[in-house]
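The sequence and the model are shown below.

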Amino acid sequence: MPTLTKLFTMQEAAQHNTKEDCWIVIDGKVYDVSSYLDEHPGGDDVILSTIGKDATDDFEDAGHSKSAREQLESFFIGELDPSVPVIPELEIYSKKQPAEYVQKLKDLTKQYWAVPVAIVGISVVVGFLYLRKK
């Protein structure tokens, strides 16, 4: 009798992103490597940097040995659901942005105009003083 493989979405796998609860995705398979982080020869940062994305390229680029690949299988917990797109659909906004975004943009431009004007002003003054001494 075939065993049923648990299916996960990339979003589900990405939610397991702490040292205590760490999942990675390699070649469409999901692995719970929480118990292995402290033992990983490259350090836990290497694994933690691959959370929330497909780590296949990172895994292959590291040139893991046959025994490392066999050890990885012991952490297997399921596969990515092929019916769910890996890249989430983007939200599309209308061309008419809500007024609050426009207002925030106006506020930012009012707030930060003084910095470039001050730099130009100081540069002009320093330039005049320099030319005056010559």
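A residue counts as buried under 20% relative accessible area, as exposed over 50%, and as partly exposed in between. The model discussed here is predicted. By the burial criterion, 22% of the 134 residues of the chain are buried.

**Fold and surface**

- Six helices and four strands make up the secondary structure of the chain.
- The order of these elements along the sequence is β-α-β-β-α-α-α-β-α-α.
- Of the contacts between residues at least 6 apart in sequence, 66% join residues at least 24 apart.

**Largest pocket**

- The largest pocket holds about 330 Å³ of space.
- Its lining consists of 19 residues, and those nearest the pocket centre are Ile24, His40, Ile47, Phe59 and His64.
- Two or more lining residues come from each of strand S2 (23-26), helix H2 (44-48), helix H3 (56-61) and helix H4 (66-73).
- Helix H4 gives the largest share of the lining, with three residues.
- Sorted by class, the lining of the largest pocket comprises 13 nonpolar, five polar and one charged residues.

**Salt bridges**

- Side chains of opposite charge can pair when their charged atoms come close.
- The count of salt bridges in the chain is four, and three of them are described here, among them the pair of lysine 29 and glutamate 73.
- Lysine 29 and glutamate 73 meet through their side chains at an N to O distance of 3.8 Å. Because lysine 29 belongs to strand S3 (residues 29-32) and glutamate 73 to helix H4, this pair ties together parts that are 44 residues apart in sequence.
- Lysine 53 and aspartate 58 form another salt bridge, in which the closest N and O atoms are 3.4 Å apart. Lysine 53 has a relative accessibility of 39% and so counts as partly exposed; aspartate 58, with a relative accessible area of 34%, is also partly exposed.
- A further salt bridge joins arginine 69 to glutamate 60, with 3.0 Å between the closest N and O atoms. Arginine 69 is partly exposed, at 32% relative accessibility.
- Glutamate 60 has a relative accessible area of 34%. This value lies between the limits of 20% and 50%, and therefore the residue is classed as partly exposed.

**Backbone at aspartate 27**

- Aspartate 27 has a phi near 50°, which is a positive value in a residue other than glycine.
- Aspartate 27 is placed in the loop between S2 and S3. Strand S2 (23-26) is one of the elements that give two or more residues to the lining of the largest pocket, while strand S3 (residues 29-32) contains lysine 29 of the bridge to glutamate 73.
- With a relative accessible area of 55%, aspartate 27 passes the limit of over 50% and is therefore exposed.

Technical notes. Residues numbered from 1 in each chain as written. Predicted model: local features only at pLDDT ≥ 70, side-chain atom pairs only at ≥ 80, totals over all residues. Heavy atoms only, no water. Buried < 20%, exposed > 50% of the residue type's maximum accessible area, 1.4 Å probe, protein only. Contact = heavy atoms within 4.5 Å. 1 Å grid on protein atoms, 1.4 Å probe; cavity = no way out; pocket = protein on both sides within 12 Å on 5 of 7 lines; lining within 4 Å. Points joined across faces, edges and corners; volume = space filled by probe spheres on them. Nonpolar A, V, L, I, M, F, W, Y, C, P; charged D, E, K, R; others polar.
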